[in-house]
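User: I would like to go through this structure and ask what stands behind each label. Please set the values against the cut-offs.

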Amino acid sequence: MQEISDTFWLWQFLGRLHPLIVHFPVGLLCVALFLEILDWWGSKKELRAGINLLVWIGAVSAMVAVALGLILANQENYGGDTLTYHQWSGIATMSLSLLALALLRMGRLRWYRVTLILTVVGVTVAGHLGAMLTHGDDYLSSVLPGANDPAGPGSPTATFVLASARQPLSTKQVEDLNLEVRSILAHNCYSCHGATKSKGELRLDKKEFVMQGGEDGPVVIPGQPEKSEMIRRISLPTGHKEAMPTKGKRLSAQEIAVLEFWIKQGAPWPSGAEKSLFRVAPLAPRTPILPPATAGLTNPVDRFVNVYFQEHKVPWEQVVSDRIYIRRVFLDVIGLLPPPARVQAFLTDHRPDKRELLVKELLARDTDYAQHWLTFWNDALRNDYSGTGYITGGRFDMTKWLYKSLKTNKPYNWFVRELISPQEESAGFIKGIKWRGTINSSQRTEMQAAQNVSQVLLGLNLKCASCHDSFVSDWKLADAYAFANVFADTLLEINRCDQPTGKMAGRQILFKELGEISIDAPTEERLRELADFLVKPEDGRLYRTLVNRIWAQLMGRALWSPWM
């Protein structure tokens, strides 16, 4: 899979002298600093001439090394952030060495010595980045204890390796392994080897394409990772012209280990696994069958949890003491510690339902509840009235509306309706999105509004689909633009990866079954329609997302949180 180069041989030859020449400034400038320290401490005048010569040669050789390095970078297939950092740290080091030389000639010894120290620091940084280019990002970290144990405890492959030590992987383990493999491919490979772009005629987003390989043949040999071109390419050192990915962050040792293990297992890819990695849950509300009550477990949540514990052989923890319970409930519901007298009263209360009564009592403290949960909703809704957006009138404070809504226990359907189709007091959510301005086509203000509403209220991530068809979910670029148009005064042209496509998007809510947005209606009317659609009882997605957010706040962990 090598490429034929048309580059004049002399330029390649000169570029490849860079690793040889670069050691001159590295060694000479470091020795110059060492001798300078000796001269500084001991006033050894006989060292002065030697130090001056070393600085001269070091500065000149640094210029030559940078020039050859730039030739090498342009003639070979180097790329990525590491190259950029190495290149600019090398140029900075050269500049510092020339400045040190100039200060030395002017007799400014104090500033010369400071600059020489900075030059040696620059040499060290540039040298380390150069080693990373040649030997990989983990050049230093790979020798640390446990760094090269891809199947160690807690690693991605540990579960699979331990499970398959004596027997084949189970169906569930195969599915989990395949999901992990496809996640690695999606985040690292699909941008060049997916449905919309297939370099080298290679696609890695579907089973038949992976097994088919590219223009130069198969990239995966099931059962033989050592003969698989995919493993060879991702294992090459950074900067190698055949290393993959060619740009961006390289795969970690654990990710490579997962792919090797997958291929060694025969590269299993279950039928029906072609769907997106993160499927969108059904929209409709769901009423799961409540497990039967068992001795001491009557609460519905406990009954569901008990089934999980039984399946996974997890023992129930002991019930916390009354003293711990009252402290936790006070902090969770109203954010305050219980007064000592209230703690004592609770400890001496022998009613069997005293814990339930305590929760109801705290929930009835409307002012305390609103003050505590105001912070949570401020964060979730990005309520702010300071900074650029506030000064230019692009951001609106809605603290009073939010506090009143919490204090009066406003139902969440009305809560969401007033956020999407706002009153004057609640306009900060929708209008507050727009003050940030347009960074690029995928971050224009209308798209920011679509992304924010979908993530905060529906638990959906549209950010990938705002630039191109999502690699990991069902959402397409056209879906994101159609939803963004709900917030736009004029229809937007679809841009893919910041490039115009010449296609105009329509206006459509993400879940079409909830209703159709009036294409030509004014923005305010479209927002009212959107609010009506989102709060429908049929929109189980909204209510599950709200429950999930509150659950995460109370329990410290969401029921489902890929986009929270």
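The questions below take up the labels one by one.

Analyst: This is a predicted model, in which local features need pLDDT of at least 70 and side-chain atom pairs count only at pLDDT 80 or more, while totals for chains, interfaces and linings use all residues. Residues are numbered from 1 along each chain as its sequence is written, and side-chain values use heavy atoms, with hydrogens and water left out.

User: What makes up the chain in terms of helices and strands?

Analyst: The chain has 24 helices and 2 strands. Helices (H or I, at least four residues) and strands (E, at least two) are DSSP runs, numbered from the N terminus.

User: How many of the residues count as buried, and what does the word mean?

Analyst: Buried means under 20% relative accessible area, exposed means over 50%, and partly exposed lies in between (1.4 Å probe, protein chains only). Of the 564 residues of the chain, 42% count as buried. The chain exposes about 31,800 Å², and carbon and sulfur atoms supply 59% of that area; accessible areas come from the Shrake-Rupley method with a 1.4 Å probe, and for residues only the protein chains shown count as cover.

User: How do you know how many disulfides the structure holds?

Analyst: A disulfide is a covalent bond between the sulfur atoms of two cysteines. Here the test is a pair of cysteine sulfur atoms within 2.5 Å, and the structure holds 0 disulfides. For Cys192, the closest cysteine sulfur is in Cys189 at 8.7 Å, so the two are too far apart for a bond. For Cys464, the closest cysteine sulfur is in Cys467 at 8.8 Å, again too far for a bond.

User: Are Cys192 and Cys464 buried or partly exposed?

Analyst: Cys192 has 19% relative accessibility and therefore counts as buried. Cys464 has a relative accessible area of 35%, so Cys464 is partly exposed.

User: Why is the pair Arg232 and Glu242 called a salt bridge?

Analyst: A salt bridge needs a side-chain nitrogen of Lys or Arg within 4 Å of a carboxyl oxygen of Asp or Glu. The closest N and O atoms of Arg232 and Glu242 are 2.6 Å apart, and the pair forms a salt bridge. Arg232 lies in helix H10 (residues 229-235) and Glu242 in the loop between H10 and helix H11 (253-264), so the pair ties together parts that are 10 residues apart in sequence. Arg232 is partly exposed at 34%, whereas Glu242 is buried at 6%.

User: What about Arg351 with Asp349, and Glu356 with Lys360?

Analyst: The side chains of Arg351 and Asp349 meet in a salt bridge at 2.7 Å, N to O. Arg351 is partly exposed at 46% relative accessibility, and Asp349 is buried at 16%. For Glu356 and Lys360 the closest N and O atoms are 3.5 Å apart, and this pair forms a salt bridge too. Glu356 and Lys360 both lie in helix H15 (residues 354-363), 4 residues apart, about one turn of the helix. In total, the structure holds 13 salt bridges.

User: What makes E1 and E2 a pair of strands?

Analyst: Two strands pair if DSSP finds at least two bridges between them. Strand E1 (residues 493-496) and strand E2 (residues 499-504) pair in the antiparallel sense over 3 bridges. Asn495 has Pro500, in E2, as its bridge partner. The hairpin of E1 and E2 has 2 residues between the strands, and Cys497 takes a positive phi near 50 degrees there.

User: Which peptide bond is cis, with what omega?

Analyst: The bond joining Met244 and Pro245 is cis, with omega about -10 degrees. Pro245 is in the loop between H10 and H11.
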